Amino acid sequence: MNFEWTPSQESLAAGALAFAKESLSSDVIARDRDGTFSFELWKRAADFGVLGWAIPTEYGGAGHDLVTTVRMMEALGEGCQDNGLTFALGAQMWGVQTALLHFGTKEQIAKYLPRSISGEAVAAYCITEESSGSDAFHLQTTAVRDGDEYVLNGEKVLITFGPIAEFAIVFAATDPSAGRWGLSAFLADAETPGYTAHPVEDKMGLRTVPFGRVTFDGCRIPAANLLGKVGAGASIFSFSQGWERSLVLAPQLGAMARQIKEAVAFAKKRRRAGVSIGKHQAVAHPIADMHLRLETGRLLLYKTAWLQDRGLPNLMEAALTKTYLAEAFRESSLAALAIRGGDGYKTATGVERDVRDSIGGLIYGGTTDIQRNIIAGLLGL
Amino acid sequence: MSIEALAEFIRIELLDDENQKIGPDDDLLLSELLNSLSVTRLVQHIEEQQGIIVPPEDVTLENFRTLNAIQTYLQGRA
């Protein structure tokens, strides 16, 4: 077992950290307050290559392995104070691009992937519905074949980039009587008649990335826009969900590293009764716990990515990683807030924003309860 | 991979019920005998035993609905 990074990996991570600090955090307080997505920052990240890091070179990406990519995503999360932006980048890479790359035809990949890598187009991953959250396959949206077209009808909710996406991957029932085994996946262009992107909805955290509803009302798309096989929708979703579950929280590790540096600096500078507050165990121990969570999270994430790189089963590791990283970020965010006290309660410090942003990770990509169902099931329970 | 070997794996490892009877044409999926996690574990088991990769898009009702369907699919992959 080798825990060393190569000089190349170190260099890539350092570059990502420097880039994120320099170029990805401007106006985050105002954008968080207003719930505004910055297409300019998105494009900067794309121009830096982020959206192609894990894409094979033959498709225009950098072809990095997943261990290297998550290390860079972690660095991005440390340097970029906009957790919404780094979450959105991950969701695009592991949800949309993974499904497109693994199940798309040559024509579909050629049409959609380059614009995703270049950042010119953002895409939505449309599965969640009002009546199907954790029960993801209980869909009401239908796709009916009519000649050379499919007709989509239904409503998707809580869709990342739903309000502004140029295209969407849409899961719908092609055989409603077959439940999850009657689902199929489609590519739908937002400009198609019958496709309606609804306004951005306010939410607690990750406010710099737009969420919202997408509805389909007699939306006719070419039959050639079927992604994968008819009836393979659930399997396609499970596959791409596995990637997302494994890798999407990598930037949160970077945010946790940033929190530790800020907490240590604060605890050294702030003095009480003649000594820095960091000399008090009531302050020092929570920071030690923050570091423990960070290092434990790293081991889980890197192992999961390592297995994924080799095509080895990592269902258990992915569920452990998703659960641990989501809860660790919440706990460390709350600890950072407690250490900073009234200072951390102020919006200007960004500490309270991390607390709000951390909650999303407990929900999206499969709630931590669902992850525990998977873990328990794999243990034979 | 024999139908009986598949049935035994499902009985013992997935359902934890050695008395569960599973016929070659019994519906594994629409009957919800197997949930999504169980299907994933079954596919992993088949991959390990057969030394093959089962593409996710092949995990469909047509190929995995019954033990007979699974065997037909695997024979087609041979």
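**Domains of chain A**

I looked up the domain assignment of chain A first: domain 1 covers 7-117, domain 2 covers 123-232 and domain 3 covers 249-378. These bounds come from an automatic or database domain assignment. The model is predicted, and local features need pLDDT of at least 70, side-chain atom pairs count only at pLDDT 80 or more, and totals for chains, interfaces and linings use all residues. Residues are numbered from 1 along each chain as its sequence is written, while chains are lettered from A and ligands numbered from 1 in the order in which they are written.

**Chain A overall**

I noted 13 helices and 10 strands in chain A; helices (H or I, at least four residues) and strands (E, at least two) are DSSP runs numbered from the N terminus. The C-alpha trace spans about 80 × 45 × 40 Å along its principal axes. For 381 residues, a compact globule would have a radius of gyration near 21 Å, and chain A agrees with 21 Å. That radius is taken over C-alpha atoms, and the globule rule is 2.2 Å times the number of residues to the power 0.38. Of the 381 residues in chain A, 52% are buried. Buried means 20 or more other C-beta atoms within 10 Å of the residue's own, exposed means 12 or fewer, and partly exposed is in between, with C-beta atoms placed from the backbone.

**Domain 1 against domain 2**

I then checked how domain 1 of chain A meets domain 2 of chain A. Their centres, taken over C-alpha atoms, are separated by 23 Å. In contact are 23 residues of domain 1 and 17 residues of domain 2, where contact means C-beta atoms, placed from the backbone, within 7 Å. On the domain 1 side, the elements giving two or more residues are helix H2 (28-34), H5 and H6 of chain A. H5(A) gives the most, with 11 residues. By class, this side has 10 nonpolar, 10 polar and three charged residues. Ala, Val, Leu, Ile, Met, Phe, Trp, Tyr, Cys and Pro count as nonpolar, Asp, Glu, Lys and Arg as charged, and the others, Gly among them, as polar.

**Helix H6(A)**

I looked at H6(A) next, residues 106-117. Its 12 residues reach 16 Å from first C-alpha to last, close to the 16 Å expected at 1.5 Å a residue; the expected span is 1.5 Å times one less than the number of residues. A:Tyr112, A:Leu113, A:Ser116 and A:Ile117 are its buried residues. They lie on the same side of H6(A) because they cover an arc of only 125° around the axis, the arc being that of the directions from the helix axis to the C-beta atoms. A:Glu107 and A:Ala110, on the other side, are exposed. The buried residues pack against helix H5 (83-103) and strands S1 (123-126), S4 (167-173) and S5 (183-189) of chain A. A:Gly119 follows H6(A) and has a positive phi, near 80°.

Leaving aside neighbours within four places in sequence, A:Ile117 is in contact with A:Leu51, A:Gly52, A:Ile55, A:Gly60 and A:Gly61.

Methods: Contact = placed C-beta atoms within 7 Å.
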